[in-house]
Amino acid sequence: MNANAVLSFGLNQYGYYRNASTIATRVVEVLARDLNHDGTWHEGYDSETGVGLAADGFLSWDTLVATWPEHIEKKTDPFELV
């Protein structure tokens, strides 16, 4: 999740809103499907099958993912050092 988030925030910063928004939306959709199917989010996913990997219920990135599309739309970057 974090690598995709950093990539999308970088793209957004350089004017690639559509690409940044697509990445954020697709990752959130994967997590929503995972939550509906398995009742949890996984830390990672197999790139070929989409099967959840690593620990079930990995919640450290909940806040980032929950606010990701909103940050992209508002052109804010939670990783930016102020």
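This is a short tour of the predicted model, selection by selection.

Local features here need pLDDT of at least 70, side-chain atom pairs count only at pLDDT 80 or more, and totals for chains, interfaces and linings use all residues. Residues are numbered from 1 along each chain as its sequence is written, and side-chain values use heavy atoms, with hydrogens and water left out.

Start with the whole chain in cartoon. There are three helices and two strands, in the order α-α-β-β-α along the sequence. Helices (H or I, at least four residues) and strands (E, at least two) are DSSP runs, numbered from the N terminus. Of the 82 residues, 24% are buried, that is, under 20% relative accessible area with a 1.4 Å probe, protein chains only.

Next, select α1 (2-13) and α2 (17-38). Their axes, lines fitted to C-alpha atoms over the stretch in contact with angles from 0 to 180 degrees between N-to-C directions, come within 7 Å and cross at roughly 155°. That makes α1 roughly antiparallel to α2 (angles over 145 degrees). Show N4, L7, S8, L11 and N12 of α1 with Y17, N19, A20, I23 and V27 of α2: these make the contact (heavy atoms within 4.5 Å).

Now select M1, F9, V27, L31, V65, W68 and I72, the residues with the most contacts inside the largest nonpolar core, which has 14 residues. Such a core is a set of buried Ala, Val, Leu, Ile, Met, Phe, Trp, Tyr and Cys residues joined through side-chain atoms within 4.5 Å. α2 gives the most to this core, with five residues.

Finish on F9. Beyond its neighbours within four places in sequence, F9 contacts L64, W68, H71, I72, T76, D77, P78 and F79.

Note on methods
Buried means under 20% relative accessible area, exposed over 50%, partly exposed in between (1.4 Å probe, protein chains only). Angles under 35 degrees count as roughly parallel, over 145 as roughly antiparallel, 65 to 115 as roughly perpendicular and the rest as oblique.
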